[in-house]
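Student: Could you go through this structure with me, and start with whatever terms I need for the ligands?
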Amino acid sequence: MESQRTIGSRASRVTGARSIRPGQLLLSQCGRIANKNLVAAATSETVPVAPTPTNYKGVSLPTPPSGSVPAAGNILPFTPSLKDSNAVTAKAKQQAPMDGNEATAQIAYAVSDVTFIYPITPSTTMGELADQWSSEGRLNVFGNVMSVTEMESETGAAGALHGALAAGSLATSFTCSQGLLLMVPNMYKISGELTPCVLHVTARAIAKHALSIFGDHQDVMAVRQTGWAMLCSHSVQEAHDMALVAHLATLRASVPFVHFFDGFRTSHEINTIETISNETVKALLNKPLYVDAIQHHRSRALNPTHPHQRGTAQGSDVYFQCAEAANPFYDRAFDHVVAAMEEVAAVTGRKYKPYEYYGAEDADKVIVIMGSGSQAVEEAVDYLNANGHRVGVLKVRLFRPWKAEAFLEALPASARKVCVLDRTKESGSYGEPLYLQVATTLHEAELEDPSLTRRYVVGGRFGLASKEFLPSHAVAAFENLDAEKPMRDFSVGIVDDVTHRSLPASKLLPVGVSTLPTGTFECLFWGMGSDGTVGANKEAIKIIASNTSMSAQAYFSYDAHKSGGVTVSHLRFGPSKIRAPYLVQQADYLAVNHQSYLAKYDTLSAVKPGGVVVINTRFTNVESLSNYLPAKVKKQLAALKPQLYLIDALAVAKATGLGKHVNMVMQTVFFNLSGVLPMERAIALLKKSISKAYERKGPEVVAKNHAAVDAAVSSLCKVEIPASWGELETAAVHPNPPSKVASSSRLEFLEKVAQPMLALEGDKLPVSVFSPEGFVPPGTTVIEKRAIASSVPIWKAENCTQCNICSFVCPHAAIRPSLAAPSELGSAPATFNTIDAKGPGMKGLKYRIQVSPYDCTGCDLCTHACPDNALAAQPINSVLEEQSINWDYATTLPGRTALMDPASVKGSQLQPPLMEFSGACEGCGETPYVKLLTQLFGDRLLIANATGCSSIWGGSAPSNPYTTNAEGFGPAWANSLFEDNAQFGLGIATGAAQRREALHRRVQEALASGVSVSAGLREALARWADHYQEAEVANVVAKELQPLLEREKDAVPSIYAEHDMLHKPSTWIVGGDGWAYDIGFGGLDHVLASGENVNIMVLDTEVYSNTGGQRSKATPMSAVAKFAAGGKERPKKDLGAIAMSYGDVYVASVSLHANYGQVVKAMTEAERYPGVSLLLCYSPCIMHGMTGGMCSSLDASKMAVESGYWPLYRYNPSINEDATHHRFQLDSKKLKSELEQLLKHENRFQILARKAPEVAGKLHQDLDEAVHARHDRYKSMAAGDYSAPGHAPSRDVSPKASCDEPKKGGCCGGNGNC
Ligand SMILES: Cc1ncc(C[n+]2csc(CCOP(=O)(O)OP(=O)(O)O)c2C)c(N)n1
Ligand code: SF4
Ligand code: SF4
């Protein structure tokens, strides 16, 4: 498997600066003491003496010579003294605002030479920073530029990490969740070999009934048995400090460390921290102990000059003993952690302990907790103790190796009741891991010393997938301990009305009482995904933290839509240190950046009475606003009496050339109204940060943002809230138009689950409304009605030629053709105008193009695609109600799906899209392919979807865009994981095929046995048995059979039981290029080679779009992507050529936006082909940075095809090669434009051109040459010449299955060769 390197990772870039060698030590070397005295010498007598390490023959192991660097080839792990007399003292303090990822990455980069990375949210940023710093040539403390290599998966990253460690490198990596799980086998290897290493983990939920990117400890708890020490950070500051502790401790202990902190809550929280400089770190690592440790690690490495063997196979005679031989290293690790913490304390002044108590000295109740939640408990402890209680919190940092004595020492003797809170769930266990550990510790202590008072201990769960954990929840846990019989195995923070395990709300800390330090200012900003609000707030908090003496904190919450979703920024700043690992509960300042949110969401629920409220609205006076706002909101405003400001930020943004990006305008207003900085200074700082942030996008973008800042404040108006608003009647308001879904089976889910979740009220839902397996009914996006477009297309009937192309290209299924008989139009709305329908079979019908303004995202692709100028974008407000009524009417018209061949561009659009209104970005290039797929085969689709954008826009609960046709048939969709999708899809196909074969046998046996059924049923069964593999016949007969079987089910019970398998499904394996080219390639390759009848659709955005645009092996040479900050140096992998090399795989390379007909043809051929089919789909994405935005995807795709950058071809193995028929057909024969045009059109290519023009020039030239060479090869293949290397074979290789539809010309396209 090819591995990829960034420019910065080349060995040549490891600068001339040195790594530490014995002769270069700056400090004197300390002596070493004999092994058996190690622990005692290092700690007080209370610490037991560790046994002398022995080898598998029971012989005492030698230690490296005292006081000197071990000889090369000393393969024993490092066993140093615990203390080192060479103290390094504190340096001047430096403060900086940063998030937990950056705080960690700074240390990891400083002390590591090598990393192997792979993106996974929320840890990706650490890898991205390492890549960026490496590409900028940043030196670590050893004077080296870190080598950063992106791997094909975390399996690969862990394997490579293991290898680098075995070669003696100081190596690290970053991951979480599914990624961490993939590392498990190598984690055992690394710890088994007692290798120093640190893995930094943003602890995250695991994909179970659903995937979740949010934080909890399920992933780290799943590796607690791998032999890695586990050190937990509780805050952003700790992430910085513990990262260093972990790196120091691993060198000391020769045990690898997982350093973890809460995903999102800590990894993405920006807080003001005191940083540790590289000089300080360097001074620490220059201590002889570490110099020795590093040298020792290197001398143990694999090296042919002093070889040894590792990783052997052992039998039952020795494996066990060898495993036990590692015990001394784990026995000592705790003390090494303590020593490392002391060293860090000496240079930072921040003292940490593995188990640290906070609270009343004489506490009677104590909560034990790990991670960011401990800060909420600290606030609760302060609050309760200030109110006469005696409570405390014991914060666990070191989870493995566990040190019972130290834990007991930290727990106050007065504590009678202990509550252990775990941020994980282990279904079926008697308790979660931290609870079990604590319970065992207490129990054993009591057994050992019967005089000890018995402690009551209970365990509970909190905060799964970043569920809010507030001080009031901690208080509820303390209150539980006061109950006569405290609840055990409880949950807190949710309402469990099924098994009744959740704690009731706290009585002692009522809602609305803040536990924050006095003077803390809290702000909320409601923005829309990709409108820049989050980015602007990140800058704002950095400006405040860096230019005032205040502490600052920022956290951002998002909904699941890729774009156009809701973002809420939670900012706090104030004179005291801010802990508060939870969302803002009572804002002093609220900005609502989109007026529609006021009606849709309860934006005012977390505002302090009398606070500042700023609304971006078109209605900038109280009268017009009054007409717009729902009564409920007006009443809320009247009650809160905020200082209300209005601004038409959209108008300011438009006037300054920023389009719909209102972020800078709203930021400027914030600085103006909050008064956090003098306004002149704030403006200067804002402009400076804009210049830095938008530098990559070019000077024009910078200038426009500067202009927006200048224009903002003068557009702000303060308004008085009319007293009359307080008197209004508040009828229940729902922002969404009534649900248009008739099916009662969906209604319950829609009403009880989907509606509240969409209104961002999901946190309040009780357990009982959920189906435990996490299944979602079809078609739930129909109720979303987001109305996020600023303008929508309106049909100009007079220009329309009825090509249906607007509908074809719409990524959101929001514009469709309607056909109606004149008689059906009697009750049509007045503006529902139509024209005579054109084309065969259309006579007498009326035609119209109708948009759904609530579902349109305003991407403008349709207006660009229309060849006849028959669509015009209109401001949404002017047409919303009218066109919504028209859309509703259009959906009541009968479908006329049989009028045209669905396998044509126009005919496909008369089929209902069974994937509609997804959460994809506006103009997304992936969705049109899947939408078309559902129009061609939607009623029989089985989709296995790899994790990626397509699984997020296609399956983020409660939004299921996959819907059903009038008969209730539609795509059945499932996501297993990222890496296993090909195999998952193969399994689905095999399972379904197996069941159908068995059914076929039963039908044949029933027919042969003369079973007593009606002639009609017998005839239909016989017909089905003859054609069961031909979808177009079998599925029609299956429908006929339905009522017949229903009537006569008792006669053929075994056939009736499987009647839903009478329909022949079409299995599609769908995923992005990251899946297909990288992490899932092994499985994909296996499926390609399987000969089974499955179809694979690769939505190739040429980057990992879902995680923010990291490079994959599909990324073209020279493009700048994340993890390829210096531009990709290697060419794109030719997946099509690999697939074609099997000879029996149907392969097509398509571009929907560039050639509509070819994609329909390829999809149809692929589905008909009875073996494996692979469709490579060019998918423009926001990550490409197209000039003109996503609506220019049509132009970009044409440029890509016409320049040869993206060839269009179809390779059909069912065609027998002869002089005139060739399997390989090049559909883009003529190159009509230069590659340069495309390169200039997209920022991904231009970044490098701006940053390093010479490098870009060379890479662009190489790319151009490669494109032309490939085109020449394809031309010769299309002429039947397969002789060049890498070409598809022309020999006959037959797939396993037989042609689906021999009677219709079949997979050969009618030439008789199938
Ligand atoms: C084992 C594992 N590693 C990493 C991830 C994080 N992850 C989810 S989607 C994704 C990228 C998907 O990229 P691609 O396949 O190109 O699809 P796209 O998002 O571009 O559609 C990554 C890295 C994961 N879910 N599982
Ligand atoms: S503007 Fe975009 S989303 Fe709206 S109808 Fe046109 S193509 Fe569809
Ligand atoms: S593929 Fe690109 S455009 Fe589509 S949803 Fe993902 S990030 Fe957005």
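Tutor: A polar contact is a pair of N or O atoms within 3.5 Å; within protein, one must be able to donate a hydrogen and the other to accept it, and residues adjacent in sequence count only if both atoms are side-chain atoms. This is a predicted model, in which local features need pLDDT of at least 70 and side-chain atom pairs count only at pLDDT 80 or more, while totals for chains, interfaces and linings use all residues. Residues are numbered from 1 along each chain as its sequence is written, chains are lettered from A and ligands numbered from 1 in the order in which they are written, and side-chain values use heavy atoms, with hydrogens and water left out.

Student: Okay, how far is a nitrogen atom of ligand 1 from the side chain of Glu154?
Tutor: An N or O atom in the side chain of Glu154 is 2.6 Å from that nitrogen. On the backbone side, a polar atom of Gly1074 is 2.7 Å from an oxygen atom of ligand 1, and an N or O atom of Asp1073 lies 3.3 Å from an oxygen atom of the ligand.

Student: And how much of ligand 1 does the protein bury?
Tutor: The protein buries 98% of the 590 Å² that ligand 1 exposes when taken alone, with areas from the Shrake-Rupley method and a 1.4 Å probe.

Student: Which element gives the most to the shell around ligand 1?
Tutor: Helix H35 does, with 4 residues; helices (H or I, at least four residues) and strands (E, at least two) are DSSP runs, numbered from the N terminus. In total, 24 residues surround ligand 1, each having a heavy atom within 4 Å of it.

Student: What about ligand 2, which cysteines surround it?
Tutor: Cys810, Cys856, Cys859 and Cys862 are among the residues around ligand 2, and His812 and Asp860 are there too.

Student: Switching topic, what order do the strands of the 9-stranded open sheet follow?
Tutor: The order is E2-E9-E18-E19-E17-E20-E21-E22-E23, with mixed pairing, where two strands pair if DSSP finds at least two bridges between them.

Student: Why is one side of E2 and of E23 left without a neighbour in the sheet?
Tutor: Strand E2 (94-99) and strand E23 (717-719) stand at the edges and each has a single partner strand, so one side of each has no neighbour in the sheet.

Student: In which sense do E17 and E19 pair?
Tutor: Strand E17 (residues 521-528) and strand E19 (residues 566-574) pair in the antiparallel sense over 8 bridges, and Trp526 stands opposite Val568 in E19.
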